[in-house]
Structure formats: structure tokens, C-alpha cells
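Work through the exercises below with the model open. Each solution follows its task.

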Amino acid sequence: MNGMTFDYRGAHVLVTGGTSGIGLGCARAYAAAGAEVTITGRRPDAGEYDVDLSGMAYRQLDVGSTDALLDTAKSLRQLDILVNNAGGSTGDEWSHEGFEAGLAVNLTSVYHLSHACKPLLEASTFEGGASVIGIASMTSYFGYEWTPAYGAAKAGLVQLVKTLGISWGPAGIRANAVAAGMTRTNLTAGVIDGMPEMIEPMLARQGIKRVGMPEDIAAAVLFLTSPAAGWITGQTLAVDGGFSTAM
């Protein structure tokens with residue numbers, strides 16, 4: 001990782017939605033730093049993806065299913081770091097079904113998996129404490145008319161890590177989030193490359209005039225779970241090129 005070196009040898013990390021985008025960026029960064037990484041995805045087998053996932057264990061997981069989340073936690077023997085990355089838009093979020101699905105995928109799943117993994121995290125001896133990470137968004141702070149469920153869920157995620165941070169700190173577990181700005185992923189590439197009328201106003205507002213890359217988010221995630229951040233919990237770090245600081 002450019003600019004900083006982390007040592008995660010011996011650490012056990014679970015990254016949900018680790019087959020692409022921010023999740024894959026985080027998983028690769030942890031693996032490069034020596035961690036034993038498990039990723040989840042929706043397909044039955046890791047070989048069905050068109051990216052190199054070698055060196056990482058794989059679990060099929062539908063984060064919209066509470067039973068599947070609990071089963072995933074039960075399948076793990078050790079865990080030091082949980083990165084709740086999986087999520088996204090669920091179609092028409094203004095429909096009753098779409099709104100409920102958006103909350104389930106982007107917020108409720110984070111609670112259920114984190115809670116199910118708590119005993120493993122409590123048993124962690126990782127320096128600086130075990131960690132739960134959430135991937136928040138600019139919709140945690142700003143309203144977007146086409147994402148009522150996603151935005152509400154990401155705002156709820158900011159509050160959830162505050163609650164987990166204060167509640168689980170005595171058990172040696174820290175909880176933080178990274179609020180990602182416009183970051184290039186498979187889901188956003190079409191907008192970034194094909195809708196300049198949406199991207200240019202964002203870049204104009206930012207201090208750093210580029211879209212983010214998964215590696216930008218991964219760097220913040222690895223810092224927050226490292227011993228260097230051992231006195232940081234309940235916080236959400238905006239990694240957005242300065243978008244959230246502008247008037």
C-alpha cells in the first residue's frame with residue numbers, strides 16, 4: 001500500500017462483499033499485509049468471479065438473510081477484524097419492498113453479523129483490540145432522492161458504530177466506519193465514465209479533484225483496525241476528497 005506499511009501477520013479478517021470494489025481492495029490490502037483473509041460473495045464458488053481471489057478463503061453469503069449471516073459466523077474458528085462492506089442499492093427503494101430490502105442489506109445485516117461474531121472478537125488477542133468496521137457513505141450525511149433506504153441505512157450505520165464502540169469497548173472490541181465518497185467500483189464506473197453532468201459538480205465541490213479508488217478506502221480501513229488506532233472507537237472517518245467539508 002502506497003505511503004504506509006501495515007503488519008497484520010497472524011490476524012484473521014472477514015470482509016463481506018470482498019469479490020469486487022471496496023471490499024476487494026480491503027481484502028487484498030489485508031492479505032498483502034500478512035493477514036489470513038476470508039471474503040464473502042453471492043456466487044457459490046470463488047472460481048466464478050473474473051478476478052484473482054487466490055490466497056483468500058471464500059464463503060457464499062446473502063447478507064439479506066439473517067440465517068445465512070449467523071451460519072457464516074458459526075463457520076469461523078477465529079476472528080480479529082470484521083469488515084462489513086457488502087451492500088448496495090436494492091432496486092426501487094421508494095417501494096415498500098425495496099425500502100425494507102435496502103435496510104436489511106445495508107444496515108440490519110451489519111448488526112446481525114457483528115453480533116454473531118462478537119464471541120470470536122472478544123477472544124481476539126490482536127494488539128490494539130479486535131475491530132468491527134462499517135463502510136458508510138456520503139448518504140450518511142446528505143440526502144439523495146433516489147436512495148431513501150440506502151441513505152437511511154448508511155446514516156444508521158454511523159450511529160450503530162457509536163453504540164457498538166461504547167458498548168463493546170470493555171470487551172476489547174473497537175467499532176468504526178469509513179464514509180466513502182464517490183469511489184470507482186463496478187457499480188459506479190458507469191456513472192463516473194458516462195454521466196459527467198453528475199460527476200463534475202462533485203469534483204468541483206471536492207478539494208482533491210478526482211474520484212476515489214478502492215485503495216483509498218482500504219488504507220483508511222487498515223489504519224482504523226491497526227494498533228496505531230487503538231484509542232479510536234465509535235468514529236466515522238470521511239474519505240471523500242474533501243466533499244463533506246465544502247459549503
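**Exercise 1.** Which residues line the largest cavity?

The model is predicted: local features need pLDDT of at least 70, side-chain atom pairs count only at pLDDT 80 or more, and totals for chains, interfaces and linings use all residues. Residues are numbered from 1 along each chain as its sequence is written, and side-chain values use heavy atoms, without hydrogens and water.

Step 1. Take a cavity as a set of points on a 1 Å grid over the protein atoms alone where a 1.4 Å probe fits but cannot get out; lining residues have an atom within 4 Å of a point.
Step 2. One cavity of 30 Å³ or more is found. The largest has a volume of about 40 Å³, the space filled by probe spheres set on the points.
Step 3. Its lining is Thr16, Val63, Leu69, Asn84, Asn85, Ala86, Ser109, Val110 and Leu113.
Step 4. Sort by class: five nonpolar, four polar, no charged.

**Exercise 2.** List the contacts of Leu113.

Step 1. Set aside neighbours within four places in sequence.
Step 2. Leu14, Thr16, Leu69, Ala73, Leu82 and Asn84 are in contact with Leu113.

How values were computed. On a 1 Å grid over the protein atoms alone, a cavity is a set of points where a 1.4 Å probe fits but cannot get out, and a pocket is an open set with protein on both sides within 12 Å along at least five of seven lines; lining residues have an atom within 4 Å of a point. Ala, Val, Leu, Ile, Met, Phe, Trp, Tyr, Cys and Pro count as nonpolar, Asp, Glu, Lys and Arg as charged, and the others, Gly among them, as polar. Contact means heavy atoms within 4.5 Å.
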